[in-house]
Amino acid sequence: MPAPYTARCTCGAVTATIDAEPVTTRQCWCRQCQQIAAGGPTNNAMFPADAIDIVGERAESSYTAASGNTLTHEFCPRCGTHVLGRSSARPQFRTIRLGFLDEGHGLSPAIAIWTEEAPEWAVIDPAMEQRPQQPPPASPPPE
Ligand SMILES: [Zn+2]
Ligand SMILES: [Zn+2]
């Protein structure tokens, strides 16, 4: 499905419209993602921040990543649905959780990152490019 993408948390308190195509799509197996994703990876699409229109209050929590960057997770304070992540290293982007997007978005992760932290039972699609740790720098958005 081409842009605009729409999104909604489980309870409907947070909604979004995203009028851009993602810069990249990724699956992340880092420890912090496993904690918010019930033991599995998060699946994400990175969009330009200025293309995202979010309505509804979010709660957030931040931590310092191994890279030294501050990573912040935003989620619905009512139902707990994870909305997005953002990094101090890339303030121009937001990493939208694929589960937040409405059905029919058609996006799937192209790269699996932090695979060295994945549990032994993890099954990672061999069709995906895999990175043991840090993702490659996001390519610049089209002008
Ligand atoms: Zn909610
Ligand atoms: Zn992660």
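**Figure 1. Zinc site of the predicted model.** Three cysteines coordinate the zinc ion (ligand 2) in this predicted model. The donor atoms are the SG atoms of Cys28, Cys30 and Cys33, at 2.1 to 2.3 Å. Along the chain, the donors of the zinc ion (ligand 2) follow the spacing C-x1-C-x2-C.

Figure 2. Cys28 has 8% relative accessibility, so Cys28 counts as buried, the cut-off being under 20%. Cys30 has 7% and therefore counts as buried too.

**Figure 3. The largest pocket.** The volume of the largest pocket is about 610 Å³. Its lining comprises 32 residues, and the closest to the pocket centre are Arg26, Cys28, Tyr63, Leu71 and Trp114.

**Figure 4. Make-up of the pocket lining.** By residue class, the lining of the largest pocket holds 13 nonpolar, 12 polar and 7 charged residues. Elements that each supply at least two lining residues are α1 (31-36) and the strands β3 (24-28), β4 (42-48), β7 (70-75), β8 (82-87) and β9 (93-97).

**Figure 5. The chain around these sites.** The protein chain has 1 helix and 11 strands. Their order along the sequence is β-β-β-α-β-β-β-β-β-β-β-β. The C-alpha trace spans about 35 × 35 × 30 Å along its principal axes. Buried residues account for 43% of the 143 residues. Of contacts between residues at least 6 apart in sequence, 52% join residues at least 24 apart.

Definitions and conventions: Residues are numbered from 1 along each chain as its sequence is written. Chains are lettered from A and ligands numbered from 1 in the order in which they are written. This is a predicted model: local features need pLDDT of at least 70, side-chain atom pairs count only at pLDDT 80 or more; totals for chains, interfaces and linings use all residues. Side-chain values use heavy atoms; hydrogens and water are left out. On a 1 Å grid over the protein atoms alone, a cavity is a set of points where a 1.4 Å probe fits but cannot get out, and a pocket is an open set with protein on both sides within 12 Å along at least five of seven lines; lining residues have an atom within 4 Å of a point. Grid points are joined across faces, edges and corners, and a volume is the space filled by probe spheres set on the points. Helices (H or I, at least four residues) and strands (E, at least two) are DSSP runs, numbered from the N terminus. Ala, Val, Leu, Ile, Met, Phe, Trp, Tyr, Cys and Pro count as nonpolar, Asp, Glu, Lys and Arg as charged, and the others, Gly among them, as polar. Donors are N, O and S atoms within 2.8 Å of the metal (3.2 Å for Na, K and Ca); water is not among the atoms, so sites may look incomplete. Buried means under 20% relative accessible area, exposed over 50%, partly exposed in between (1.4 Å probe, protein chains only). Contact means heavy atoms within 4.5 Å.
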